[in-house]
There are 2 protein chains.
Amino acid sequence: MNKDLRIVFVLFPRITQLDFTGPHEVLWRAPDARCVLASSAGGRIQADGGLAFDTVPIADVDGCELLLVPGGYGTLDAMADAHLLAQMRRLAAGARHVVSVCTGSLLLGAAGLLRGHRAACHWAWRELLAAYPEVTPDAARIVHDGRVWSGGGVTAGIDVALAVLADVAGAEYAQSVQLAIEYAPAPPFDAGRPESAPAGVRQRMQQRLQAMGADRRAAVQRAAAALAAAG
Amino acid sequence: MNKDLRIVFVLFPRITQLDFTGPHEVLWRAPDARCVLASSAGGRIQADGGLAFDTVPIADVDGCELLLVPGGYGTLDAMADAHLLAQMRRLAAGARHVVSVCTGSLLLGAAGLLRGHRAACHWAWRELLAAYPEVTPDAARIVHDGRVWSGGGVTAGIDVALAVLADVAGAEYAQSVQLAIEYAPAPPFDAGRPESAPAGVRQRMQQRLQAMGADRRAAVQRAAAALAAAG
């Protein structure tokens, strides 16, 4: 019997690396974890910021118990990659946990994997989830709905990974990993949510996001339409 | 005039990847940041957990404004790499910020870069810092002492990186990055410090660490002796 916990991280160009490196640091420590980085065609994937990661073609991955989909600006292009979406559906069909971090939930949605589910997303992109049929955006940092787990923006990946690890290996095991990575966060500022950030900081970020707002909406609408056309 | 903010991340085998991928996600967003991954001989560096990173030989790096040294189990071997330590000293001589995360402070100490300084470290390794002459272990999560900044274990790298970014680019800029990466952490458990972890979790981890305690102490004592011999 195969008792490995096979974990597949779905990568794509212009990923936000911390969306998956955070959860990776938590989840590789799970009992019998076997982590694989996969992408649409395999090969070297470049993250925003310059780090690069080698991946295998996702079609070469037999199956997994846990599928994790991070986010980043590249999500918009990845949502139009029909091959990637089909492979995500194939792997998700056999997975016990389907997890997204940040805008990775938009990619899960494009693959049709969120139908009937609530999901988290980066705060600035969250409402876009509502473009998918029967998907409910949820403002919580960790959202658990059936076998689908999702986290808010970027750093929420560490939180959601610990919650998933507790589900996989028990709360005490997850706590031992939390202690090992000394995860007692103490941000020097309280600016991590739009509700708590200084007004000027929030407004300038919203202006920058507004400039790309039409592109973002169009990408999600195209993905939602493709999903509807596929039935 | 060169106004780039050149940031060098010092990597070595068996690094804990989140020690530097967390700060990297924060610091590449600094104005005019130019990030370089460097290691003793260059080439592919394997982190514990399986991720790998391509690096340049540290001797090929001209200089930098910010030197960041992460930690991990590989610190023990890196502390005996005289070439790496000499190159760290060379780069630190021209740097405005010298930063460590987790057991990276043991490596800074081995390079003689902590003399006269307080420094943070992973909670389970912190007291080893006292083996170095004129180095004071500090239990704070973020320690700022002159141009030396240090963070506690693994995830503290995100906190210390935001504090360094505020020093480099201003508090408001750092807050905008905190908002972009939605850093409003909400761990599902309160087990990230030995003081808060359940007793059973803490005791089992201390037992595991005790098993390698002699090796750890010996490695630090060798590094301290080499430092004293070099004057």
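What volume does the second largest pocket have? I looked it up in this predicted model and got about 480 Å³. A pocket here is an open set of points on a 1 Å grid over the protein atoms alone, where a 1.4 Å probe fits, with protein on both sides within 12 Å along at least five of seven lines; lining residues have an atom within 4 Å of a point. The volume is the space filled by probe spheres set on the points.

Conventions: residues are numbered from 1 along each chain, and chains are lettered from A in the order in which they are written. Local features need pLDDT of at least 70, while totals for linings use all residues.

I listed the lining of the second largest pocket: 19 residues, with A:Arg29, A:Ala180, B:Tyr73, B:Met205 and B:Arg208 closest to its centre. Helix 6 of chain A gives the largest share, four residues; helices are DSSP runs (H or I, at least four residues).

I then turned to the largest pocket, which holds about 560 Å³. I found 24 lining residues, and A:Tyr73, A:Met205, A:Arg208, B:Arg29 and B:Ala180 lie nearest the centre. Helix 7 (199–211) of chain A and helix 6 (171–180) of chain B each supply at least two of the lining residues.

I checked the chain relation last. A rotation of 180 degrees with 0.0 Å of shift along its axis puts chain A on chain B at RMSD 0.0 Å, by least squares on C-alpha atoms of residues with pLDDT of at least 70 in both. That is the relation of a two-fold axis.

For confidence, I noted ipTM 0.96 and pTM 0.97.

Notes
This is a predicted model: local features need pLDDT of at least 70, side-chain atom pairs count only at pLDDT 80 or more; totals for chains, interfaces and linings use all residues. Side-chain values use heavy atoms; hydrogens and water are left out.
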